[in-house]
Amino acid sequence: MERSLSEGLPDLIARLEGPGAALRASIDRASTILIASEPLPDGDAFGAMLSLRCFVEAAFGIASSREEARAGKGPKHVALLCERGTPPRYAFLDGARAARPPAGEDSEGFDLGVLVDGGVERCGAPVRAVFESCREKACIDHHRAGSRARYDLAIVDPERAATTELLATLLETEAWKDVRLSRPLAEALYTGILSDTGAFVYSLTSPWTHRIAARLLEAGARASLIGEKVMLDIAPEDLRLQSKVVLGLSTLCSGKLLLGVLTLDMLEGRAPEDVGYDRIVNPIAFVSASRATVLLREMGGEHWKVSLRSRPDLDVAEVARELDPQGGCHARAAGCTLRGPLDLVRRRVVLALSRRLGA
Ligand SMILES: [Mn+2]
């Protein structure tokens with residue numbers, strides 16, 4: 001008998017049997033399906049979008065037009081919406097070019113909308129409007145401080161290291177057993193897992209994460225290529241920006257807190273949305289003796305994105321929520337948005353963190 005991937009971990013699959021069947025039934029009922037996430041999805045969000053499209057393709061087929069799409073067994077019309085188009089870093093993935101910004105045709109609506117790696121709060125306004133008009137709404141996510149909206153189907157497991165890990169786990173349920181792990185699907189899943197675990201380093205990385213990853217490599221995922229693209233490749237502009245932020249770092253709270261600022265005038269004319277900010281924040285998040293790191297990013301119009309990173313036992317998702325009710329994400333990697341002049345924003349963030357750092 002074939003040894004099961006989940007041997008020794010039975011609860012993991014068992015508790016997803018119901019949600020897996022519900023997702024399959026929702027897709028079955030639909031003829032048109034919207035799959036979306038944030039305006040510029042990260043590796044996990046985009047990998048999850050592509051993976052879910054592969055699920056539909058393998059189980060039902062993809063229709064070439066809305067007219068050809070069918071409820072039940074037939075092929076589905078699937079739209080992958082990214083407000084800013086295919087994220088350049090993930091454009092190498094099979095099927096990545098299917099992603100597009102919302103367009104006029106989307107006003108015809110969708111039977112089913114599925115948001116991955118976050119809920120409606122993380123969508124931009126155009127995608128949110130299309131999603132709100134879907135007849136059935138689903139959300140698949142792994143954020144602990146995630147969406148507060150209501151969905152017809154919410155599959156959320158904060159113990160999973162990535163939404164793509166959750167999707168890979170769903171593939172193990174009875175409802176999805178018929179889906180073959182093709183190379184494009186394996187690579188989309190692997191991209192998400194690698195991205196959200198920081199290449200198998202962050203705290204939610206588990207034996208299960210590694211077991212899934214092994215299976216994805218066995219299915220043909222090109223680990224070295226994906227590793228380079230997802231973890232290492234850096235735009236020269238981002239490298240220059242990284243050095244500017246590093247040189248301007250402030251050390252606060254007796255060395256326990258590091259604060260970096262990225263202002264519009266540092267961007268050499270680029271739009272703030274085009275900066276690979278994870279390439280800037282990740283290297284400064286693990287400076288010896290620091291317990292928390294903040295990167296304040298100016299987005300224009302006195303509007304700042306606050307990225308928070310922490311060491312174990314400091315929950316920065318709580319800090320993000322305290323600063324902004326829409327903030328959140330993970331205990332050790334979180335973010336929020338604040339408005340106001342830099343001085344004021346900086347003071348609010350430092351005060352919230354210094355209380356927790358006992359300094
Ligand atoms: Mn994620």
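How many residues of domain 1 are in contact with how many residues of domain 2? Contact here means heavy atoms within 4.5 Å, and the answer is 17 residues of domain 1 against 15 of domain 2.

Before the rest, the ground rules. This is a predicted model, where local features need pLDDT of at least 70 and side-chain atom pairs count only at pLDDT 80 or more, while totals for chains, interfaces and linings use all residues. Residues are numbered from 1 along each chain as its sequence is written, and side-chain values use heavy atoms, with hydrogens and water left out.

The domain bounds come from an automatic or database domain assignment. That assignment gives domain 1 as 10–231 and domain 2 as 236–357. Taken over C-alpha atoms, their centres are 28 Å apart.

Now the interface. About 1,200 Å² is buried between domain 1 and domain 2, with carbon and sulfur atoms giving 40% of that area. Buried area is the accessible area (1.4 Å probe) that two parts lose on being put together, summed over both. On the domain 1 side, Arg-84, Arg-89 and Ala-145 supply 38% of the area buried against domain 2, more than any other three residues.

A salt bridge is a side-chain nitrogen of Lys or Arg within 4 Å of a carboxyl oxygen of Asp or Glu. Between the two domains the count is 2 salt bridges. The side of domain 1 that touches domain 2 divides into 5 nonpolar, 4 polar and 8 charged residues.

Over the whole structure, the search finds 26 salt bridges. One of them joins Glu-159 and Arg-15, with the closest N and O atoms 3.7 Å apart. Glu-159 is in the loop between β6 and α5 (163–170) and Arg-15 in the loop between α1 (10–14) and α2 (17–29), so this pair ties together parts 144 residues apart in sequence. Helices (H or I, at least four residues) and strands (E, at least two) are DSSP runs, numbered from the N terminus.

Next, the metal. Which residues coordinate the manganese ion? They are Asp-44 (OD), Asp-117 (OD), His-142 (NE2) and Asp-196 (OD), at 2.1 to 2.3 Å. Donors are N, O and S atoms within 2.8 Å of the metal (3.2 Å for Na, K and Ca); water is not among the atoms, so sites may look incomplete. Along the chain, the donor spacing is D-x72-D-x24-H-x53-D.

Last, Leu-181, which sits in the loop between α5 and α6 (183–196). Its C-alpha atom is 9.2 Å from that of Ala-58, 123 residues away along the chain.

Terms used: Nonpolar A, V, L, I, M, F, W, Y, C, P; charged D, E, K, R; others polar.
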